[in-house]
Amino acid sequence: MNKVVLSGSNLSKSFGGVHAVRRVSLELGPDAPVTTIIGPNGAGKTTLLNLLCGAIPLDEGKVEFKGADITGVRMRQRMKMGIARTFQHTGIFGRLTPREHFFLMARNLGPGSKWHSIEQFLDIFNLETFADVQAESLNHVSQRLLEIGMIVSASPSVLMLDEPTAGMDLAETAQIASVIRELRGIMQVMIIEHDIDFVLDISDRIIVLDQGAVIASGLPDEIQRDDVVAAAYMRRGHR
Ligand SMILES: Nc1ncnc2c1ncn2[C@@H]1O[C@H](COP(=O)(O)OP(=O)(O)OP(=O)(O)O)[C@@H](O)[C@H]1O
Ligand SMILES: [Mg+2]
């Protein structure tokens, strides 16, 4: 049986003369519960995420979700189907506390759900201590965790995160890594990331993009030893 959850075949997207994504194929499935996409600035990572979640239309290619062709399905509909992503701007309510946020999502809990209580969320997302503090007063990492928690509470099949550790220090990054480990195997996770230590730590598979194309894909060990990957980073520079 085909267990692939989300796949893209020969995905291509140009902006004017820029080939942001060129004939990229990838599969998100249980053999790699946490897949990360890395690559130099401008490699096409965010564009690829946008194509998979339907935020922008493809020039060419096909996207399938649980075996069904969803190439023409819009982002809003894909989200309802269980393809979730975070946005640049946090989707949280400043005046509400984490407990209130999760309370609002409580209709997603209970029988049939992967989750059973608000306490469970506060625990997984490391928010117990701040459960009753207004979200606007939380620090950056806690706001980020709350945002991811809100999305996760809807039990999506796929969770896509674009640079979740951006602007975070080591301890904060470790909190994000711990959440990813909790979610691993519960849902398919795809992460775009620049922090290579974080990537090597949490990934089951790493896909490397350069100039819109996949130049390598494999286990963290394999990618770390890949000369082509090293050369791409040297040439293009990275943060
Ligand atoms: N809406 C757009 N209009 C025009 N060009 C775009 C658009 N979005 C992306 N591009 C271009 O496509 C290429 C890939 O951009 P993308 O944002 O996908 O890269 P990225 O790998 O996410 O980079 P970064 O690591 O800096 O986030 C870049 O050359 C970028 O300038
Ligand atoms: Mg990007």
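**Close-up views of the predicted model**

View 1. When neighbours within four places in sequence are left aside, H101 is in contact with I92, F93, L96, A135, L146 and M150; two residues are in contact if their C-beta atoms, placed from the backbone, lie within 7 Å. This is a predicted model, in which local features need pLDDT of at least 70 and side-chain atom pairs count only at pLDDT 80 or more, whereas totals for chains, interfaces and linings use all residues. Residues are numbered from 1 along each chain as its sequence is written, and chains are lettered from A and ligands numbered from 1 in the order in which they are written. H101 is buried because 23 other C-beta atoms lie within 10 Å. A residue is termed buried if 20 or more other C-beta atoms lie within 10 Å of its own, exposed if 12 or fewer, and partly exposed in between, with C-beta atoms placed from the backbone. From H101 to R85, 16 residues apart in sequence, the C-alpha to C-alpha separation is 18 Å.

**View 2. Helix α5 and its cover.** The 13 residues of α5 reach 18 Å from the first C-alpha to the last, close to the 18 Å expected at 1.5 Å a residue; the expected span of a helix is 1.5 Å times one less than its number of residues. Because 11 of these 13 residues are buried, α5 is largely enclosed by the rest of the structure. The buried residues are V141, S142, R144, L145, L146, E147, I148, G149, M150, I151 and V152. Their cover includes β6 (83-85), α3, α4, β7 (158-162) and α6.

**View 3. Helix α6, its buried side and its exposed residues.** Helix α6 spans residues 170-183, and its 14 residues reach 20 Å from first to last C-alpha, close to the 20 Å expected at 1.5 Å a residue. Within α6, the buried residues include I176, V179 and I180. These residues cover an arc of only 100 degrees around the axis, which puts them on the same side of α6; the arc is that of the directions from the helix axis to the C-beta atoms. Exposed residues L170 and A171 are carried on the face turned away from the buried side of α6. The buried residues of α6 pack against β3 (34-38), α4 (118-124), α5 (140-152), β8 (188-192) and α7 (196-202). Just after α6, G185 adopts a positive phi of about 90 degrees.

**View 4. The shell around ligand 1.** Around ligand 1 are F15, V18, A20, G39, N41, G42, A43, G44, K45, T46 and T47, a residue being near a molecule or strand if its C-beta atom, placed from the backbone, lies within 6 Å of it. Two or more residues of this shell come from each of β2 (18-28) and α1 (45-53), and α1 gives the most, with 3 residues. The shell has 4 nonpolar, 6 polar and 1 charged residues; Ala, Val, Leu, Ile, Met, Phe, Trp, Tyr, Cys and Pro count as nonpolar, Asp, Glu, Lys and Arg as charged, and the others, Gly among them, as polar.

**View 5. Helix α1 and the largest nonpolar core.** As 7 of the 9 residues of α1 are buried, this helix is largely enclosed by the rest of the structure. The buried residues of α1 are K45, T47, L48, L49, N50, L51 and L52. G54, which follows α1, has a positive phi near 85 degrees. The largest nonpolar core has 58 residues, and those with the most contacts inside it are L48, F125, V158, L159, M160 and V208; such a core is a set of buried Ala, Val, Leu, Ile, Met, Phe, Trp, Tyr and Cys residues joined through C-beta atoms within 7 Å. Helix α5 contributes the largest share of this core, 7 residues. Apart from neighbours within four places in sequence, L48 is in contact with L11, V21, V24, I37 and L209.

**View 6. I206 in strand β9.** Strand β9 comprises residues 205-210 and includes I206. I206 is buried, with 27 other C-beta atoms within 10 Å. Beyond neighbours within four places in sequence, I206 is in contact with T36, I38, V199, G218, P220 and I223. A distance of 35 Å separates the C-alpha atoms of I206 and R107, which are 99 residues apart along the chain.

**View 7. Positive phi at N10 and Q211.** N10, in strand β1 (residues 6-15), has a positive phi near 50 degrees although this residue is other than glycine. N10 counts as exposed, with 12 C-beta neighbours inside 10 Å. Q211, likewise not a glycine, has a positive phi of about 50 degrees. Q211 is placed in the loop between β9 and β10 (213-218) and is partly exposed, with 18 other C-beta atoms within 10 Å.

How values were computed
Helices (H or I, at least four residues) and strands (E, at least two) are DSSP runs, numbered from the N terminus.
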